[in-house]
Amino acid sequence: SATGKGLRIHTRTEIVGTWSYIKAAAIQIGDDILEVEGSRDPKEQRHWINGEFLGEVKTIGGYKVSYKTHGRNRRYIIFLKDGAKIV
């Protein structure tokens with residue numbers, strides 16, 4: 001867990017007709033904020049780390065972050081203590 005650092009997660013939805021989807025998500029651990037946003041173009045990366053567009057994401061709140069692309073999807077993994085992860 002992110003013990004003592006504080007953890008906040010926000011999702012931003014977009015309404016399309018009679019349904020909605022998660023357009024963006026932001027996670028804050030300690031003073032660091034990582035925001036990711038979807039795109040119709042699978043080659044387009046859209047993330048911000050502490051407000052810096054496409055900034056290098058190595059850690060958030062002192063925890064290691066990895067980034068992988070799976071087809072049209074991008075996956076960020078935050079490695080917490082004791083094997084816990086946020087995916």
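Author: Glu14 and Lys23 form a salt bridge, with the closest N and O atoms 3.3 Å apart. A salt bridge here is a side-chain nitrogen of Lys or Arg within 4 Å of a carboxyl oxygen of Asp or Glu. This is a predicted model, where local features need pLDDT of at least 70, side-chain atom pairs count only at pLDDT 80 or more, and totals for chains, interfaces and linings use all residues. Residues are numbered from 1 along each chain as its sequence is written, and side-chain values use heavy atoms, with hydrogens and water left out.

Reader: Why does Glu14 count as partly exposed?

Author: Because its relative accessible area is 29%; buried means under 20%, exposed over 50%, and partly exposed in between (1.4 Å probe, protein chains only). Lys23 is also partly exposed, at 33%.

Reader: How many salt bridges in the whole structure?

Author: The search finds 4. Among them is Arg12 with Glu35, closest N and O atoms 3.2 Å apart. That pair links distant parts of the chain, 23 residues apart: Arg12 is in strand β1 (residues 7-16) and Glu35 in strand β3 (residues 32-37). Strands are DSSP runs of E, at least two residues, and helices are runs of H or I, at least four, numbered from the N terminus.

Reader: And Arg46, which residue does its side chain meet?

Author: Glu37, in a salt bridge at 2.8 Å, N to O. Glu37 counts as buried because its relative accessibility is 17%, whereas Arg46 is partly exposed at 21%.

Reader: Change of topic. What's the secondary structure count?

Author: There are 0 helices and 9 strands. Of the 87 residues, 25% count as buried.

Reader: Which residues make up the largest nonpolar core?

Author: The core has 12 residues, including Ile27, Leu34, Val57, Tyr63, Tyr76 and Ile86. Strands β2 (19-29), β7 and β8 (73-79) each supply at least two of its residues. By a nonpolar core I mean buried Ala, Val, Leu, Ile, Met, Phe, Trp, Tyr and Cys residues joined through side-chain atoms within 4.5 Å.

Reader: Where is Gly62?

Author: Gly62 is in the loop between β6 (59-60) and β7 (63-70). Gly62 counts as exposed because its relative accessibility is 64%.

Reader: Lys64, buried or exposed?

Author: Exposed, since Lys64 has 54% relative accessibility. Lys64 lies in strand β7.
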